[in-house]
Amino acid sequence: MCIVQEHPIISSTWLHELPAIQGIYDYLSNTRYNLSVAIKWKEDIDNQNFLYDELKSRKFDGIIIFSAWKINVRTIIDLIDMKYPYILLSSENSVQPTNDILFDNAGVVRELVSRLHGLGHTKIAMITGDREQEHMKDRIKGYQLEMEDLDLKPYAYIQYGKFGFDSGYRNMQ
């Protein structure tokens with residue numbers, strides 16, 4: 001498994017990744033496969049040779065790439081050309097989308113906004129993280145669409161921050 005992270009890693013980053021890693025580990029524990037985890041930095045994903053050395057060495061039977069950022073198309077083409085089994089977890093690709101496992105981030109946020117509105121709230125804010133992360137883009141889209149569908153004003157209530165507690169606190173003020 002290759003996890004693409006910001007550098008430096010912040011503690012709250014692992015809150016959503018650990019359950020996924022645990023699930024994969026639990027599943028593999030009943031097979032002949034082992035889970036190896038590599039961490040790559042998001043600054044490296046645009047590099048044309050991202051993961052190339054690991055893939056060329058054929059140390060692994062397959063790879064799961066867990067990334068909140070879009071993976072370089074060249075990396076996907078290298079995986080296909082090398083006939084390397086792969087899955088993109090939480091990152092969409094246009095080359096071979098059948099290998100993507102995506103979460104319905106937009107749908108979940110739409111439902112949250114709808115429920116809050118159903119409880120009588122009309123000023124619904126969104127504090128989000130890095131606007132370059134693919135799942136953040138989807139969440140913002142879901143927020144904006146649902147706010148518009150409810151005839152509410154979304155744009156004044158979006159705050160961008162980091163995934164730490166201090167950032168969340170500052171953005172709430």
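**Entry 1: ground rules.** I number residues from 1 along each chain as its sequence is written. Since this is a predicted model, local features need pLDDT of at least 70 and side-chain atom pairs count only at pLDDT 80 or more, while totals for chains, interfaces and linings use all residues; side-chain values use heavy atoms, with hydrogens and water left out.

**Entry 2: confidence.** I looked up pLDDT (the predictor's confidence in each residue, from 0 to 100). The protein has a mean of 82, and 87% of its residues reach 70 or more. Where is confidence lowest and where is it highest? Helix α6 (residues 165–172) has the lowest mean, 65, and helix α4 (residues 105–118) the highest, 94. My helices (H or I, at least four residues) and strands (E, at least two) are DSSP runs, numbered from the N terminus.

**Entry 3: the cores.** Next I went to the nonpolar cores, which are sets of buried Ala, Val, Leu, Ile, Met, Phe, Trp, Tyr and Cys residues joined through side-chain atoms within 4.5 Å. Buried means under 20% relative accessible area, exposed over 50%, and partly exposed in between (1.4 Å probe, protein chains only). The largest core has 16 residues, and V4, F50, L51, I63, I65, I71 and L79 touch the most other members. At least two residues of this core come from each of β1 (2–5), β3 (63–66), α3 (73–81) and β4 (86–89). A second, separate core holds nine residues, including V109, V113, I124 and M147.

I then picked out I71 and asked which residues it touches, not counting those up to four places away in sequence. The list is V4, I45, F50, I65, I76, L88 and S91, with contact meaning heavy atoms within 4.5 Å. A reminder to myself: in soluble globular proteins, nonpolar side chains tend to be buried together.

**Entry 4: a nonpolar patch.** On the surface I found I9, V37 and I39 forming a nonpolar patch, with about 210 Å² of accessible area together. Patches are made of residues with over 30% relative accessible area and no salt bridge, like charges being joined within 9 Å and nonpolar side chains (Val, Leu, Ile, Met, Phe, Trp, Tyr) within 5 Å. Areas come from the Shrake-Rupley method with a 1.4 Å probe, and for residues only the protein chains shown count as cover. I39 lies in strand β2 (residues 38–41) and counts as partly exposed because its relative accessibility is 37%.

**Entry 5: salt bridges.** How many salt bridges does a search of the whole structure find? It finds six, each a side-chain nitrogen of Lys or Arg within 4 Å of a carboxyl oxygen of Asp or Glu.

I started in helix α4, where E111 and R115 lie four residues apart, about one turn of the helix. Their side chains meet at 2.6 Å, N to O. E111 is partly exposed at 41%, whereas R115 is exposed at 54%. Elsewhere, salt bridges that share partners join R74, D78 and D81 into one network.

R74 and D78 are about one helical turn apart because they sit four residues from each other in helix α3. D78 is buried at 10% relative accessibility, R74 is partly exposed at 30%, and D81 is exposed at 54%.

**Entry 6: a loop residue.** Last, I checked N47, found in the loop between β2 and α2 (52–57). N47 is partly exposed, with a relative accessible area of 40%. N47 and T75 are 28 residues apart in sequence and 8.8 Å apart in space, C-alpha to C-alpha.
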